Structure formats: structure tokens, C-alpha cells
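Subject: A structure for you to look at

Hello,

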Amino acid sequence: MSLCKLFHRVPVTFNQTAPQSVNAAPRIAALFAPGAVAYQTHDTLSADALLPEERESLQRAVPKRVHEFAAGRACARAALVQMGYGAVALPPGADRAPRWPEGATGSITHTDGFCAAVVARTVQIRALGLDAEPEDSVKPHLWRRICTPEELANLQAQNEAAALLTATLLFSAKEAFYKCQHTLTGQWLGFTDISIDFEAERFSVRATRSLQIAQHHPGPWHGRYLREQGLLITGFCIV
């Protein structure tokens, strides 16, 4: 991917009120256990939506990354404000995931023209994973990289439209699970380390090798998904 002109930090005044385009997302919150709060936006946000500590991590970021980062933090901050945390900074950690305030956990996702975040108190939900993808975005040349042999055979037996939808859902469900379990274990997984089975608006996750998360939270694990405005949105949590 070619790099655009580097983003240069400029002095800005942060407005603690969430941009008007950042709205509560109850359908996304419903993908998770009770206690989750979600916000979303379809808008492009600038660095004005960021706190100084967050902008420090973007001094060499390209504009697209700045806009995605700003939208994600605005959504997450709106959810945290609703939970009573106030306008706290969410700088990235060493693993690039947001550093959530004490007692809170969350997940952020962004794709072209859409961004969402979900947060919860850790006394209710220990970890969250949220992902969103355009519903036909995972093309056949990617399938062998993301699928187990069984999943690949299933895709190849479907017609083109159904296979594209299923492949994207597979990818998104695995991403949501990866994000959630990484919060608790720090373990990096490959796409074929788990397999996914789908039911109506739900999916189950099975490990294909030994995973650290299974030591305290044995599988299979279960998540939820929805289709909305051309997107597939998946959610996974561990309580």
C-alpha cells in the first residue's frame, strides 16, 4: 500500500462533546452480554476529535490512519462517557490496542466509511472483540489463507454470492474472537488455529490446536453477528 503525505501534528482544542455523527449503536451492543455499550459513526473525523496524548502516537501517520483512529476514539470515548468515565485519553499500547481506563475493556473496528466501538466494565464482561467488514469483501484468492480445509471445502461448494458472504463472515468472526482472546492472553493466533460454525445470527468457535484462552475459558465459544447497510458486523465476548 502506497503511503500518502505524512500527517503533521498541529495545535488543536479538544471538544469533550462527541461529534454529532457519533451515535449510540444498540444493535451492535446487543451482540454482546448485558453491560456492553456501543457507538458508531459513518463520518470522517479529523485530529480535532483526539486528546493530546492520542495525537502523540500519530505524528508520522498517514491521513487515512488519522481519520480511522480519530473516529474509533470518538466512538469509544462516547461509550465511556455514557458509562461515567468522562473524556479519558485512549492511547495505543505496545500491541497497538487501546489502553482502556482501569475497570473498563473494549474493542474498536473500522472499515471504509464506518467505525464502531464497544466498551464494558470488566466486572460484567472481561473482554470484547468487535469487527466489521463489507459483506462481500473477502475474495477467493484469500480463502486458503483464512480457512481450515473443512471451511474451504464448504465455501467451494456454494454459489458465488453465498460463498463471498460466508467467507467474509468467517474472516470477521475470527477477527472478533482474536481481538477478544488477545485482551486476556496476549497470544497471537493464525486464521487456521480456530474454525467457525454458523447458525442464524450466531456463530461458534472451536480451537484446532491448544490455545491459552482455553486454560480458564474452555471452548467451544459463541459469538453473534448482524448484517446492516452492506456490512457484516461480528461480536464476541468473554464474561
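In what order do the 4 strands of the open sheet stand, and in which sense do they pair? The order is S1-S2-S4-S3, and the pairing is antiparallel, where strands and helices are DSSP runs numbered from the N terminus (E, at least two residues, for strands; H or I, at least four, for helices) and two strands pair if DSSP finds at least two bridges between them. Strand S1 (23-24) and strand S3 (104-111) stand at the edges with a single partner strand each, so one side of each has no neighbour in the sheet.

Before going on, please note that this is a predicted model, in which local features need pLDDT of at least 70 and side-chain atom pairs count only at pLDDT 80 or more, while totals for chains, interfaces and linings use all residues. Residues are numbered from 1 along each chain as its sequence is written, and side-chain values use heavy atoms, with hydrogens and water left out.

S3 pairs with strand S4 (residues 114-121) over 8 bridges in the antiparallel sense, and His 110 stands opposite Cys 115 in S4. Helix H3 (residues 63-82) packs on the sheet, where it touches strand S2 (37-41), S3 and S4, contact meaning heavy atoms within 4.5 Å.

Helix H5 (residues 149-156) has Glu 151, Leu 152 and Leu 155 as its buried residues (buried means under 20% relative accessible area, exposed over 50%, partly exposed in between, with a 1.4 Å probe and protein chains only). Because they cover an arc of only 100° around the axis, they lie on the same side of H5, the arc being that of the directions from the helix axis to the C-beta atoms. These buried residues pack against helix H4 (143-146), helix H6 (160-185) and strand S6 (194-199), whereas the face of H5 turned away from the buried side carries the exposed residues Pro 149 and Glu 150.

Another exposed residue is Pro 218, which counts as such because its relative accessibility is 59%. Pro 218 is found in the loop between strand S7 (202-207) and strand S8 (221-228), and its C-alpha atom is separated by 40 Å from that of Ala 49, with the two residues 169 apart along the chain.

Best wishes

Key. Axes are lines fitted to C-alpha atoms, for helices over the stretch in contact, and angles run from 0 to 180 degrees between N-to-C directions.
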